[in-house]
Amino acid sequence: GATITAHGGTAILARGTVHVLGQVFGQPFVVENRVGADSMIAGEACARSAPDGHVLCAIDSLGVALNPVIRAKMPYDPDKELSPVVHYGYIGSAFLVHPSVPANSMRELIDLAKARPGSITFGSWGIASGPNLYIEWFKNAKGIVFNNISYKAASQAYPAMLAGEVQVAFYSAGAAAGAVRAGKAKALAVTLSRRSSHLPDVPTWVEAGLDIGLVTSVGLYAPAGTPQEIIQRLNREIANGLINNLEMRKKFITSQGLEVDPPAGGSPEEFAAAMLVERDKWANVVKVAKLKIE
């Protein structure tokens with residue numbers, strides 16, 4: 001058999017991948033869920049495995065692009081110890097505010113925070129979370145101070161905003177779309193380069209006048225040293241059977257709030273190049289936000 005190590009949000013994607021590979025290779029693949037440490041537990045499990053195509057890992061870009069630039073040390077080196085196989089797509093997050101907040105655009109929210117420094121409460125979840133990076137970036141780049149309220153996870157910060165405990169939250173556009181449609185939250189921007197299929201009326205970060213759009217992408221990796229022909233075959237089968245197969249895509253990818261934009265379903269080389277660009281972007285944000293995890 002073979003294993004795909006996943007964490008939390010990537011488990012459904014991994015299940016779809018297992019389904020496709022099981023059919024193609026005629027042998028069972030299983031998903032092993034390793035949650036925690038900003039996706040580093042799943043990444044490390046993969047990095048430490050034999051490079052024979054039997055252990056793969058589905059991890060998000062925080063594990064390969066953000067962690068290396070925000071952490072003083074990591075248990076593995078994503079550059080040297082992981083080989084990109086295929087990119088699944090992007091998770092666009094939405095800037096969400098409670099309906100009681102007198103702001104209907106990012107511009108108005110920023111003006112509100114400028115006028116009353118520290119009065120707008122923003123839910124985050126740890127140093128390396130998207131909201132914390134935005135909060136610190138705003139403070140250092142623009143002198144705009146939000147009141148940072150820290151929770152244990154996104155799954156706590158988001159309901160806290162819906163309940164009115166905090167005024168601003170940052171959550172997957174796909175997962176928040178229902179609450180936005182029901183009038184329980186206002187979405188001011190999505191951090192994608194084109195509009196979200198889940199929230200088509202909401203402006204992109206560029207349209208909303210934001211300087212940075214922090215996007216999380218998700219991909220499949222193999223341990224470094226895995227033969228190129230194995231990586232190319234895996235890439236081809238997953239692209240054909242899952243990412244570019246509309247029925248499977250809907251069931252396992254877009255249902256999880258992902259947008260299938262290039263290099264999703266493209267070559268391993270395109271995926272690797274995109275990750276380097278993403279890492280540079282995170283590095284700039286982390287530098288301005290003056291954040292480091294020792």
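Is Asp 261 buried or exposed? Asp 261 counts as buried, at 10% relative accessibility. Here buried means under 20% relative accessible area, exposed means over 50%, and partly exposed falls in between, with a 1.4 Å probe and protein chains only.

The model is predicted, so local features need pLDDT of at least 70 and side-chain atom pairs count only at pLDDT 80 or more, while totals for chains, interfaces and linings use all residues. Residues are numbered from 1 along each chain as its sequence is written, and side-chain values use heavy atoms, with hydrogens and water left out.

Start with the partner of Asp 261. Arg 194 forms a salt bridge with Asp 261, and the closest N and O atoms are 2.6 Å apart. The pair links distant parts of the chain, 67 residues apart: Arg 194 sits in the loop between β9 (186–190) and β10 (216–223), and Asp 261 in the loop between β11 and α11. Arg 194 is partly exposed, with a relative accessible area of 41%. A salt bridge here is a side-chain nitrogen of Lys or Arg within 4 Å of a carboxyl oxygen of Asp or Glu. Helices (H or I, at least four residues) and strands (E, at least two) are DSSP runs, numbered from the N terminus.

By this rule the count comes to 11 salt bridges. Another joins Glu 207 to Arg 195, with the closest N and O atoms 2.9 Å apart. Both residues lie in the loop between β9 and β10, so the pair ties together parts that are 12 residues apart in sequence. Glu 207 is partly exposed at 49% relative accessible area. Arg 195 counts as partly exposed too, at 34%.

Helix α6 (residues 130–142) holds both Lys 139 and Glu 136, 3 residues apart, about one turn of the helix. Their side chains meet in a salt bridge (3.0 Å, N to O). Lys 139 is partly exposed at 39% relative accessible area, whereas Glu 136 is buried at 15%. Elsewhere, Glu 44, Arg 48 and Glu 81 are linked in a network of salt bridges.

Next come the rings. The structure holds 11 aromatic pairs. Rings of Phe, Tyr and Trp (its six-membered ring) pair if their centres lie within 6.5 Å; planes under 30 degrees apart count as stacked, over 60 as edge-to-face and the rest as tilted. Ring pairs link Phe 95, Phe 122, Tyr 134, Trp 137, Phe 138, Phe 146 and Phe 170 into a cluster.

Now look at Pro 99, in the loop between β5 (93–97) and α5 (106–115). Pro 99 is partly exposed, with a relative accessible area of 35%. Leaving aside neighbours within four places in sequence, Pro 99 is in contact (heavy atoms within 4.5 Å) with Gly 183, Lys 184, Ala 185 and Lys 186. Pro 99 and Ala 187 are 88 residues apart in sequence and 9.6 Å apart in space, C-alpha to C-alpha.

Finally, the backbone. Most residues other than glycine have a negative phi, and most peptide bonds are trans. A cis peptide bond joins Pro 262 and Pro 263, with omega about 10°. Pro 263 lies in the loop between β11 (258–259) and α11. Lys 290 is not a glycine, yet has a positive phi of about 55°. Lys 290 is placed in the segment after α11 and is exposed, with a relative accessible area of 63%.
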